[in-house]
Amino acid sequence: QTTNLYFLLWCFLVSLYPFKILYPFKIDLVLVATVPLSFIQVSLVLIFLIFFSHFSCLAYNNPVKLLVLGWFFFWVLKFLNLFCLLIMEIDIPCHFLCPISLQLMRDPVTVSTGITYDRENIERWLFACKNNTCPVTKQVILNDEDLTPNHTLRRLIQAWCTLNASHGIERIPTPKPPIDKTQIAELLNDCNTFPHLQLKYLRRIRSITLESERNRSFLEAAGAVDILASIVVNDNSTSVEISIDDDPEFTRASDEALSILYLLKISDSKLKNLIAKDRGVFVESLIQILKHSNYQSRAYSTMLLKSIFEVADPIQLITIRPEILTEVVHVLRDQISQQTSKAALKLLVEVCPWGRNRIKAVEGGAVTVLIELLLETSDRRSCELTLIILDLLCGCAEGRAELLKHGAGLAIVSKKILRVSHVASDRAVRILCSICRFSATPRVLQEMLQVGVVAKLCLVLQVDSGCKSKERAREILRLHSRVWKNSPCVPAYLMSCYPSS
């Protein structure tokens, strides 16, 4: 009994001692020695004592079994203790955290109010969100371009990261000094002055654009938008061969300029200037890119056109050229990327309500492409945007005719009811309402029975959907009750809620 107690005490003391042999793990012994015991570790030690006491009684009078058992539990306890050390959360000093993101600062800078922030977060606050006050003190920042690097705090953070490297914390790299306005102005001037080196300068501008919100703001203020737009407009369609990692790539300066224009996130005032620039010559250039350029440039053109038409005046939306809508429909058909498709859908949502744009879109093949998109996509937002556009297009006779001409038109619209969202259900019911009011031929009414449209409308009356959707569904069912009410195509449990005439 005395031997058992001594051995038990020895294991208990070893479990509290920082391990000197932690193979195969590599942990700084100095850091391990400074970590206090947690509640979990103490609980594990107590559980170990209980189990060891129980099994040591079974191995009583057998010293070999007792020794093997003690050695086994000793190593189990060591690894349990090690596991606790590995999962133990590291408390970051509060003055190392950015007041905006509450994350460890990588490039601390101090504003004129004396508060230190991470450069990326404060630049987004000042330049992207267009604020001029300190987020903490609410005082006006006198010069939002003068962010003083806090080198002392950065070195302290780096030293703390080094000390805690054994816990998986990586040392933050020393940031490069940010580019200033003078350098940006010189770069833009060189890009405009030396056409044969234009592609090289544009690649440098692109890298600067991707670095920070501050750089994007400085580029726009330095006149980069006008220079880049002129490169796109004056494109001579000559390809330049460049070599990246021994892999030849053909590209044009206009492609680079177009990508930079998209990445700049141009302000509304600059976008309006692009529309009016030389009587819309920039928009015309984007149309040509949509027609003849590669997929990537077509994607950038689509997203730029979406941004442009979001800030355009009504007269500019009314007089939009049919070619634009036709090419946007082609972008949707080709499904370049999900982001591009959503931009094309939002563009159509923006322009279709104005003037004769609905008819222009229908003539460009929009209805067929949208139905095919509904058949293939499962993304909620894409379905909603597609149904919104179809609702707009069904506001004209040409749009309704195209929808009915497609074999899956009515079926896919009714299928989206109660399956996507309230917005999608409401728009789908609106589309069916337009069909039933203005295009309800006997063939159409029979098709609606066969593909399950009538049954879905009866279901809308039973479930908890929007009030307007229920009112429209009830109106449609009453309007054609003579044809549908006693049809065997509708299940009896749904026919029971069919509204009376």
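Visitor: In which helix do K306 and E310 lie, and how many residues apart are they?

Guide: Bear in mind throughout that this is a predicted model. K306 and E310 both belong to helix 14, where they are four residues apart, about one turn of the helix.

Visitor: What makes K306 and E310 a salt bridge?

Guide: The closest N and O atoms of K306 and E310 are 3.9 Å apart, and the cut-off is within 4 Å for a side-chain nitrogen of Lys or Arg and a carboxyl oxygen of Asp or Glu, so the pair counts as a salt bridge.

Visitor: How do you know whether K306 is buried or exposed, and what of E310?

Guide: K306 has a relative accessible area of 18%, and since buried means under 20%, K306 is called buried. E310, at 41%, falls between the 20% and 50% limits and therefore counts as partly exposed.

Visitor: Which parts of the chain does the pair of R298 and D334 link?

Guide: R298 forms a salt bridge with D334, their closest N and O atoms being 2.9 Å apart. This pair links distant parts of the chain, with R298 in helix 14 and D334 in helix 16 (residues 322-334), 36 residues apart. R298 is buried, with a relative accessible area of 7%, whereas D334 is partly exposed at 24%.

Visitor: What is the order of the strands in the open sheet?

Guide: The open sheet of three strands has the order 2-1-3, with antiparallel pairing. Strand 2 (116-118) and strand 3 (148-149) each have a single partner strand, so one side of each is left without a neighbour in the sheet, and they stand at the edges.

Visitor: What makes strand 1 and strand 2 a pair?

Guide: Strand 1 (residues 108-110) and strand 2 are joined over three bridges in the antiparallel sense, and because at least two bridges are needed, they count as paired. Within this pairing, T110 stands opposite T116 in strand 2.

How values were computed
Residues numbered from 1 in each chain as written. Predicted model: local features only at pLDDT ≥ 70, side-chain atom pairs only at ≥ 80, totals over all residues. Heavy atoms only, no water. Buried < 20%, exposed > 50% of the residue type's maximum accessible area, 1.4 Å probe, protein only.
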